[in-house]
Amino acid sequence: MTTGQDHSCAFVDLGTVPYREAWDLQRRVVAARHAGAIPDVLLLLEHPHTFTIGRRGDDSEVLASPAHLEMLGATVIEVDRGGLATYHGPGQLVGYPILDLRPRGREVHSYLRNLEEALINALGETGIPAQRVTQKTGVWVEDRKIASIGVRFSRWISSHGFALNVTTDLSYFNHIVPCGMPAVTMTSVAQEFSALREMRSKPDETSATAIGIPDMALLRSRVAHHLAQVFALQYLDEYPPALDDILGVEREAAAEAVR
């Protein structure tokens with residue numbers, strides 16, 4: 001966990017944004033962060049159906065034909081993050097922290113572990129016993145993967161981030177080799193919550209059933225809270241003017257979502 005002084009951060013909840021638009025927005029935010037024009041930024045959002053392939057991947061990881069992809073309403077995009085192929089879609093909480101790692105010790109390994117810790121802690125509050133798996137980046141529930149992580153660093157400024165399956169249609173993962181692991185079982189908050197509810201005939205106050213998961217709004221709030229905890233972020237009450245200019249038309253939707 002990061003210790004020391006708090007770091008100012010703009011928390012931007014964008015709602016649903018097409019992947020390419022969000023990718024372009026990240027690049028603009030990273031450039032402004034490099035220039036010192038804005039503080040750290042956390043972007044939370046969802047994407048329409050999209051398969052992305054990271055720098056270590058290739059088209060062979062997409063199993064569906066172009067015709068089938070069109071029928072699914074999904075696009076395939078090669079991106080500049082680390083990792084292999086993954087899926088983004090409705091019901092999945094995506095987070096793109098744009099953070100300056102220079103005052104945080106320039107520790108890539110610690111950055112990844114902190115992302116995992118924030119998600120594990122947020123899921124733990126819902127009653128889902130999430131965990132790490134040795135030598136496998138991401139967040140798991142036993143042997144099932146609930147969150148994927150793929151990042152990029154540009155002169156120690158982070159971009160891309162994590163994708164947490166909340167009410168995601170997991171069948172879309174059948175059309176790719178998720179994260180290069182053909183045998184992996186993907187799961188979601190909704191699926192795990194359903195299993196927990198069946199196991200608990202008399203839920204107590206801290207059980208997942210009592211809390212009322214799945215709920216995207218609650219997950220957004222808890223993930224943002226725990227990211228602030230592990231990275232010592234202090235969320236700003238207002239967006240800096242320079243960030244307003246970058247967000248452009250997205251700003252109105254983002255402000256509505258935060259209020």
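**View 1. His160 is a buried residue in strand E10.** In this predicted model, His160 has a relative accessible area of 2%, so it counts as buried (under 20% relative accessible area; exposed is over 50%, partly exposed in between; 1.4 Å probe, protein chains only). Strand E10 spans residues 157-165. Strands (E, at least two residues) and helices (H or I, at least four) are DSSP runs, numbered from the N terminus. The phi of His160 is near 55 degrees, a positive value in a residue other than glycine. Most residues other than glycine have a negative phi.

**View 2. Arg106 sits in a loop.** The loop lies between strand E6 (92-98) and helix H3 (108-125). Arg106 is not a glycine, yet its phi is positive, about 55 degrees. Its relative accessibility is 44%, so Arg106 counts as partly exposed.

**View 3. Helix H4 has buried residues along one face.** H4 covers residues 189-199. Val189, Glu192, Phe193 and Leu196 are buried there. Seen down the axis of H4, these buried residues fall within an arc of 100 degrees, so they line one face of the helix. The arc is taken from the directions from the helix axis to the C-beta atoms. An α-helix has 3.6 residues a turn, so residues three or four places apart point the same way.

**View 4. Cys9 and Cys179.** Cys9 is buried, at 0% relative accessibility. Cys179 is partly exposed, at 22%. A search of the whole structure finds 0 disulfides (pairs of cysteine sulfur atoms within 2.5 Å).

**Notes.** Residues are numbered from 1 along each chain as its sequence is written, and side-chain values use heavy atoms, without hydrogens and water. Local features need pLDDT of at least 70, side-chain atom pairs count only at pLDDT 80 or more, and totals for chains, interfaces and linings use all residues.
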